[in-house]
Amino acid sequence: MAIVPIYKYPSKVLKKTAGKVENINGSTAGMLNDMVDTMYAANGIGLAAPQVGMLERAIVIDYDPENRGKNLFKIINPAVVEAEGEATREEGCLSVVNYSAEVTRAAKVLVRGWGIDQKEVEIEADDLLAVCLQHEIDHLDGTLFLDHISRLKRELYRKRLKKQSAQAPSDDRGKVPAI
Ligand code: NI
């Protein structure tokens with residue numbers, strides 16, 4: 001078990017595109033376990049490998065903090081293969097300190113990827129799980145939820161962040177889950 005540092009916006013690694021995992025092996029399993037430990041320690045409900053500096057297509061999601069482990073997903077090379085509808089929800093991110101914003105995404109998605117057992121997985125999701133999957137898969141392509149909001153809002157956040165960075169870091173997103 002290891003808790004690793006989470007890179008925060010505007011860190012450059014968060015803008016990079018992650019590469020496909022070619023071999024699912026012990027080191028992939030170790031990375032995913034570290035990501036789960038790190039997500040739990042940070043009280044998040046999702047984490048993508050680039051957020052911990054690993055440019056590999058791997059994500060973890062556990063969207064029910066009251067029942068840790070019950071709805072835990074570890075997905076390798078995930079991709080949205082079908083999407084429908086639209087839904088708007090307030091999102092936060094473990095890599096975006098002290099900020100949340102409403103983001104509109106597909107309401108329902110079908111995601112395919114691979115499990116650590118080297119078996120293909122298919123997940124049909126709506127509601128919060130659909131948000132988590134799209135948010136994490138975005139991370140693999142260097143996209144943050146900030147890229148889905150208006151330029152003006154993003155600039156205001158960037159300015160506020162600069163002011164805050166001189167002070168002690170605090171993180172308060174209220175009740176918005178960090179994905
Ligand atoms: Ni995120």
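**Group meeting: the nickel site and the sheet**

Along the chain, the donors of the nickel ion follow the spacing C-x41-H-x3-H-x39-I. Donors here are N, O and S atoms within 2.8 Å of the metal (3.2 Å for Na, K and Ca), and water is not among the atoms, so sites may look incomplete.

Some ground rules. This is a predicted model, where local features need pLDDT of at least 70 and side-chain atom pairs count only at pLDDT 80 or more, while totals for chains, interfaces and linings use all residues. Residues are numbered from 1 along each chain as its sequence is written, and side-chain values use heavy atoms, with hydrogens and water left out.

Back to the metal. Which protein atoms hold the donor positions of the nickel ion? They are Cys 93 (SG), His 135 (NE2), His 139 (NE2) and Ile 179 (O), at 2.1 to 2.2 Å from the ion. Cys 93 sits in strand 4 (residues 87–93) and His 135 in helix 2 (residues 127–140), so this pair ties together parts that are 42 residues apart in sequence. Helices (H or I, at least four residues) and strands (E, at least two) are DSSP runs, numbered from the N terminus.

The four donor atoms make angles of 85 to 143°, and the site is irregular. For four donors, tetrahedral needs all angles between 85 and 135 degrees; square planar, like octahedral for six, needs opposite donors over 155 degrees apart and all others between 65 and 115; anything else is irregular.

Cys 93 is buried at 0% relative accessibility, and His 135 is buried at 2%. Buried means under 20% relative accessible area, exposed over 50%, partly exposed in between (1.4 Å probe, protein chains only).

Five strands form an open, antiparallel sheet in the order 1-2-3-6-7; two strands pair if DSSP finds at least two bridges between them. Strand 1 (46–48) and strand 7 (120–126) are at the edges with a single partner strand each, so one side of each has no neighbour in the sheet. Strand 1 and strand 2 (residues 58–62) run antiparallel and are joined by three bridges. Leu 47 has Val 60 in strand 2 as its bridge partner.

Helix 2 packs on this sheet, touching strand 1, strand 2, strand 3, strand 6 (108–114) and strand 7, and its direction makes about 155° with that of strand 2. Contact means heavy atoms within 4.5 Å. Axes are lines fitted to C-alpha atoms, for helices over the stretch in contact, and angles run from 0 to 180 degrees between N-to-C directions.
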